[in-house]
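Good morning, colleagues. Please take a moment with the sequence and the model before I go through selected details.

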Amino acid sequence: SPTNRPEIVSRYLKALVASAPFASALAGQPDTNSIVAVIRDDLFPQQFDKFRSDKINQIVSEKLVADLNVLYAIDSEGSIAYFTETNRVALNLELAALRSLAVTNLKRLVPKVNRQGQGPVFRLIADGNYESSLLLAENLWDDQAKAVQGELVAAVPSRDVLLFTGSASAEGLRELKAGAANLHASGSR
């Protein structure tokens with residue numbers, strides 16, 4: 001939308017400046033309260049690695065399931081910068097401690113999560129940035145499991161969409177698969 005272009009460009013420029021190689025050096029180590037877990041597909045770290053010239057600045061990631069990975073990021077006003085091995089080593093954080101810290105911070109940064117839909121497929125709505133990250137919020141899923149038939153089945157077609165249904169609902173599984181494919185094909189993230 002041409003009327004939104006200045007705001008969109010401004011947001012992207014802020015994010016670019018925040019993620020520039022010199023930005024973390026100037027800012028020092030990130031505040032541990034700003035570290036969050038984000039979910040990205042296999043293509044994301046591959047794309048990131050194309051622009052990285054050394055192993056030191058490799059983004060910290062771990063496999064979650066299938067083609068999904070947990071990456072760690074630094075949440076700041078207007079941008080999300082990715083947490084690197086340099087950051088992790090400097091803060092002396094093992095992966096298990098990093099994950100725990102990041103999920104704790106996520107709960108604080110996204111205190112309100114709403115469930116949308118009447119079933120058999122539901123959508124979780126949070127802040128527009130961390131919906132896919134909610135896969136890691138174990139306590140959240142206890143309540144969601146009560147709304148579905150069978151085991152939970154979730155899809156994250158983009159970072160701002162998290163859909164789920166139950167494994168015992170054939171209709172829900174069909175709708176989830178179709179909805180996720182459609183959102184992934186048309187989504188910008």
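A word on the source. This is a predicted model, in which local features need pLDDT of at least 70 and side-chain atom pairs count only at pLDDT 80 or more, while totals for chains, interfaces and linings use all residues. Residues are numbered from 1 along each chain as its sequence is written, and side-chain values use heavy atoms, with hydrogens and water left out.

Now the overall picture. The chain contains 7 helices and 8 strands; helices (H or I, at least four residues) and strands (E, at least two) are DSSP runs, numbered from the N terminus. Of its 189 residues, 33% count as buried. Here buried means under 20% relative accessible area, exposed means over 50%, and partly exposed lies in between, with a 1.4 Å probe and protein chains only. The chain exposes about 11,200 Å², of which carbon and sulfur atoms supply 54%; accessible areas come from the Shrake-Rupley method with a 1.4 Å probe, and for residues only the protein chains shown count as cover. Among contacts between residues at least 6 apart in sequence, 59% join residues at least 24 apart, a contact being heavy atoms within 4.5 Å.

Let me turn to helix α6, residues 138-145. Leu140, Trp141 and Gln144 are buried there. Seen down the axis of α6, the buried residues fall within an arc of 95°, so they line one face of the helix; the arc is that of the directions from the helix axis to the C-beta atoms. What covers these buried residues includes β5 (114-116), β6 (122-125), β7 (152-158) and β8 (161-166). The face of α6 turned away from the buried side carries the exposed residues Glu138, Asn139 and Asp142.

Next, the hairpin. Strands β2 (61-65) and β3 (68-76) run antiparallel and are joined by 4 bridges; two strands pair if DSSP finds at least two bridges between them. Lysine 63 has asparagine 69 in β3 as its bridge partner. There are 2 residues between the strands of this hairpin, and in the turn alanine 66 has a positive phi of about 45°. Alanine 66 counts as exposed, at 66% relative accessibility.

A positive phi also occurs at asparagine 92, near 55°. Asparagine 92 lies in the loop between α4 (85-90) and α5 (95-109), and is exposed, with a relative accessible area of 64%.

Finally, two asparagines in helices. Asparagine 87, in α4, is buried, with a relative accessible area of 6%. Beyond its neighbours within four places in sequence, asparagine 87 is in contact with Gln29, Pro30, Ile74 and Tyr82. Glutamine 29 and asparagine 87 are 58 residues apart in sequence, and their C-alpha atoms are 6.4 Å apart in space.

What does asparagine 105 touch, not counting residues up to four places away in sequence? Asparagine 105 touches Thr32, Asn33, Ser34, Ile35 and Val36. Asparagine 105 sits in helix α5 and counts as buried, at 3% relative accessibility. A polar atom of the asparagine 105 side chain lies 2.7 Å from the backbone oxygen of threonine 32, and the backbone oxygen of asparagine 33 lies 3.5 Å from a polar atom of that side chain.

Conventions. Polar contact = N/O pair within 3.5 Å; in protein donor to acceptor, adjacent residues only side chain to side chain.
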